[in-house]
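Keep the viewer open and follow the rings.

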Amino acid sequence: MIVFWLVLTILFIIFATAKLKWHPFLVLILSAFLVALFYQVPLNTVAKTISDGFGGILGYIGLVIVFGTIIGLILEKTGAAIVMAETVIKVLGPRFPTLTMSIVGAVVSVPVFCDSGYIILNSLKESLAERLRVSSVAMSIALATGLYATHTFVPPTPGPIAAAGNLGLETNLGLVIMVGVVVTAVAVLAGWWWSNRFLNATPDNIDAMDAPAATLPENMKTRDDYSHMPSATMAFLPIIVPIVLICLSSVANFPSTPFGSGIVTDILVFIGNPLTALLIGLFLSFLLINTDQKTQQISDSISQGLVVAAPILLITGAGGAFGAMLKVTPIGDYLGTTLSALGLGIFMPFIVSAALKTAQGSTTVALVTTSAMVAPLLDQIGLDSELGRVFCVMAIGAGAMTISHANDSFFWIVSQFSRMSVAQAYKAHSMATGIQGVTSIMFIWLLTLVFI
């Protein structure tokens, strides 16, 4: 019955989000109450457990998500994301166009959501495909898989940050970033390999060659809409500086104390705290705004960023509440013993995350829900060390990209802007994300064999 109630809760999450289209925030909060009911948690502790779980995860991660979201929005609005993409293209050159497009996507998707990233880079991708005489289908898949890789593995993207917070890694995001970059490289190469299968393909939409590209969403700009573009250095600063600071802080905290135990280490730990580092990145992003009404533009960007971040914060908090309720039930000990006997280890969070992603479509929901569900089981599945938790975040990310299909908004953005039919998008894009996820989890498994 312990397993039955958990399976029933998971089925409720899938049915409510995928079929009934309820908001994930409400679904996760209701799931926390269902868990309390199913496992007969004392009634006088239910409300406090949910409130503490909700507030606990947002108490630290919440501001990090907000700052990261605002930085991404400003990079998008000021044209800095396009400058970043063009800079990568200049550095890598035209020799391997699909690989270049994959790397462009991976770089841009660190601060910018993959949906927005694809839209703002679409015109650049099409012009590059035409100039280099490369299939636009291959270039589309290369871009989409590059964007998708960092979206699921590398903070400060909200999904990986929330997963890291649920697994107790909120103060060691630097290690998550470093491992995430390595895993991302493998995922990017897998997506690039699949994209090259379509080098001779053309979009098979009936009116593909005559119809205009999908209409840009309101307020979304292309390169021609910008009267002033920032320099490459200024475009990269708001995201590179925080990442470097966070990584330096993680290195400073190593037991070997590479920077000593004095004031230098204290300063590095302070400015490399994700909250401080992203606040610094936020102020650097303000330098990109170059208008006569700069103060107003900054205020508007913050307001828009808060609107964009709000649903993510609510889902993250609800995931924390759900996880907190699971921790006070016997499910952790029971499942941990059972899964240890089965030897699933790192594959367990991958399977759960992949099932949630495929069923309900949202990568962020899969990351948040799975990390909350797996947190009580870390010790039993052998992932309770610092590095084990990081690999668990990676495994959840690999599952959260497996697979993108018709219930995922990213699937429709890629297919519509690339002029692919649904059938071709399934063959090209959905298969690519499946290959990325499976390749990534196999690589992560090999890493656990070496380091754990």
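Start in the interior. Tyr148 is buried, with a relative accessible area of 1%. Phe410 is buried as well, at 1% relative accessibility. Both values fall under 20%, so both residues count as buried.

These two rings form a pair. Their centres lie 5.4 Å apart, and the planes of Tyr148 and Phe410 meet at 25 degrees. That angle is under 30 degrees, so the pair is stacked. Now place the partners along the chain. Tyr148 sits in helix α7, residues 136-153. Phe410 sits in helix α18, residues 409-417.

The model is predicted. A search of the whole structure finds 12 aromatic pairs. Another of them joins Trp5 and Phe38. This pair is stacked too, with 4.5 Å from centre to centre and 15 degrees between the planes. Trp5 belongs to helix α1, residues 2-19, while Phe38 belongs to helix α2, residues 24-38. They stand 33 residues apart, and the pair again links distant parts of the chain.

How does burial look here? Phe38 has a relative accessible area of 17%, under the 20% limit, so Phe38 is buried. Trp5 reaches 24% and is therefore partly exposed.

Phe4, Trp5 and Phe38 form one aromatic cluster.

How values were computed
Residues are numbered from 1 along each chain as its sequence is written. This is a predicted model: local features need pLDDT of at least 70, side-chain atom pairs count only at pLDDT 80 or more; totals for chains, interfaces and linings use all residues. Side-chain values use heavy atoms; hydrogens and water are left out. Rings of Phe, Tyr and Trp (its six-membered ring) pair if their centres lie within 6.5 Å; planes under 30 degrees apart count as stacked, over 60 as edge-to-face and the rest as tilted. Helices (H or I, at least four residues) and strands (E, at least two) are DSSP runs, numbered from the N terminus. Buried means under 20% relative accessible area, exposed over 50%, partly exposed in between (1.4 Å probe, protein chains only).
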